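Hi there,

Here is the model I promised to pass on. Please have a look at it first, and then read my notes below.

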Amino acid sequence: MKSPKKKSDFPAVATSDQPSTKRRSLSDVGGLVDGRCRVVIEEVRPEIDGGRFPIKRVVGETVVVEADVFADGHDEIAGALRYRHEREQHWTDVPLVFLQNDRWRASFEVLEQGLYYYTVIAWIDRFRSWQRDMRKRVTADQDVTMHLLVGRDLIKAAALRAAGMDAEQLNAIATAMEQDGQEHGRMPKIVLEEKLLDLMTRHADHPWPTVYDKELMVIVDRARAGFGAWYEAFPRSCASEPGRHGTFHDCEARLPYIAGMGFDVLYLPPVHPIGRTFRKGKNNDPAGSPDSVGSPWAIGASEGGHTAIHPDLGTPEDFRRLIGKVREHGMEIALDLAFQCSPDHPYVKQHPEWFVQRPDGTIQYAENPPKKYQDIYPLSFESDGWVSLWRELKEVVTYWIDQGVKIFRVDNPHTKPFAFWQWLIAEVKRDHPDVLFLSEAFTRPKVMYRLAKLGFTQSYTYFAWRQTKWELTQYFTELAQTDVRECFRPNLWPNTPDILTEQLQHGGRAIFMSRFILAATLGANYGIYGPAFELMESRPLKPGSEEYLDSEKYEIRTWDWDRADSLKELICRVNRIRRENAAFHNDASLVFHHVDNDELIAYSKRSVDGENVTLTVVNLSPHYIHSGWLQLNLEALGVEANTPFQAVDLLTDAYYTWQGARNYVQIDPHSVPAHIFVIRRHLRTERDFDYFI
């Protein structure tokens, strides 16, 4: 079979395990490598898996790049960080700044969506080396006549590369060096000044530079990728009348409630027709009944498949209207993307080759032994029809983009090939760079990280099961302070329709409050499944299970959205705190602080400009009042050791004046189980009021 020749005839799979540029070989004398390139560039950071994958940023963020740069001998070196947007052909150079121990740094700001490239270039700085040595010779009172001529030649060469006033100044300096050195036996003062070095640097020659052998990548997303609060709700349970199947119009009526709590993204489970064959009943009953509504994840029926809408929810026009109404409330719709089918899905008859055929001719349903999911057929990505399958699934995504959806929560991506996701996300973002993908993969860490590297914008985490102080500290230190942070954007969920942790089952109101505050303040992105969360739904299907009793996945629920004991007021306040304090808009600044009580956890965050600093202290116990002494990392807070500062509690409006690292806290979980402090470092003193006297 001949290989297809047109790009559109075949899904192009990137060879992600190959570096983006060819490595130079030391044996290639006279070819790619010039033996006069003396500078070495190593340990460039950030760099993901040798440059095979891009790091992640959002528009307006900064990429800080460091590298080890050194050379043989004693010559001075210089270098630059080079970057460009994918649309640009020419590089922009930012000078490297020396740190210590041959470590150098530079940075650039990403100003638009899409793909950026960056690399490092370095060279021997001949003029800087000459000027340094000249200072030493002058200090030692040596004859510098010949050395002045060497410097003169370097300056003359720079003058030829310069123009205008710079060229005139360089020529004048070169002439003065020659005349004063030969005729008067002295050296012009400017020869050793920084002013000349700056002038020479602007017009420097870089013969035989070393260029790092990879062009590294940055994928830049819009701001919503970096910060947001998600709310998951089932449209069919939005009706005001008990037992009636909700519609998109009913969803519209709930928008003031959801937006009023301060959420940015309304996430809807699948909105497609639900299969009837082997339809599950209440509480996942495999028998079902004639009035069973089934699981929204059993996608596809006679009414259509992945590009159709469940008729009881409304029409495509109703869905587009809902998207518009959501935007009017300052939010966005996120749609569930679940690539699986019910036995009634049109694909089953139209493309049986896309499924696994059992020896008896039937199609293999989903299994996780001993569990059986007869209402779901997994797609086979190893079939002979994989090319057409890939294309079809891409069409599903672009269809919903055309309807106005820009965010997708992807169901179980770890059960589909890595190569498929790498291709699909790259294809979609090439034409729609503002589209975001959330990976719902609760699986092994390396698999989750690989999906993030391949292009998923955000990722679910293990937060729901990290409950002790040690677990939380270890896990979030890994996410925020290691290379993981360059590609893995966490989205924290204390509950989902599939996850009702034992802690939530038994901890009462206090644990719902503390887990919510942890999610909303540890992560720049978080979400809740509501109204189950704010109404503190805690009944498990059975002891030891994380499944809900009367799970909304299998039936229509009627919720008392305005129940008096709801957590909506707390949620509203915390979301307002998040929006008003830029420290919560990033994950990388997270720092944990010591508390001498294992039931209390403390951590701070800082805004990018360092002006906004928050300190959160949470009581992890839902039952008892706990107190302890904080040992603050004052440097992380930007506070001087001997200067008093205020800790203003944004949850209660109380404020405390502290000084030094050691401070006392006490938290009652039954009132407010946490402090969310903003740190005010500049307190007024008596001298601030002298002008009144």
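Searching the whole structure turns up 51 salt bridges, where a salt bridge is a side-chain nitrogen of Lys or Arg within 4 Å of a carboxyl oxygen of Asp or Glu. Before the details, some housekeeping: this is a predicted model, so local features need pLDDT of at least 70 and side-chain atom pairs count only at pLDDT 80 or more, while totals for chains, interfaces and linings use all residues. Residues are numbered from 1 along each chain as its sequence is written, and side-chain values use heavy atoms, with hydrogens and water left out.

**Salt bridges**

One of the pairs is Glu 303 with Arg 276, at 2.8 Å from N to O. Both residues sit in the loop between strand 12 and helix 6 (316-328), so the contact ties together parts that are 27 residues apart in sequence. Glu 303 is partly exposed at 36% relative accessibility, and Arg 276 is partly exposed at 49%. (Buried means under 20% relative accessible area, exposed over 50%, partly exposed in between, with a 1.4 Å probe and protein chains only.)

Glu 241 and Arg 244 also form a salt bridge, at 2.5 Å from N to O. There is a network of salt bridges as well, linking Arg 222, Arg 224, Asp 264, Glu 332 and Arg 579.

**Strand 11**

Helices (H or I, at least four residues) and strands (E, at least two) are DSSP runs, numbered from the N terminus. Strand 11 (residues 228-232) has five of its five residues buried. Gly 228, Trp 230 and Glu 232 are on one side, with Ala 229 and Tyr 231 on the other.

Two strands pair if DSSP finds at least two bridges between them. Strand 11 pairs in the parallel sense with strand 22 (residues 525-529) over five bridges, and there Tyr 231 has Ile 528 as its bridge partner. Three bridges join strand 11 to strand 12 (residues 265-268), again in parallel, with Trp 230 opposite Val 265.

Four strands make an open antiparallel sheet in the order 1-3-7-6. Strand 1 (39-45) and strand 6 are at the edges with a single partner strand each, so one side of each has no neighbour in the sheet. Strand 6 (residues 97-100) is joined to strand 7 (residues 103-109) by three bridges, and Phe 98 stands opposite Trp 104. Two residues lie between these strands in their hairpin, where Asn 101 takes a positive phi near 50°.

Happy browsing!
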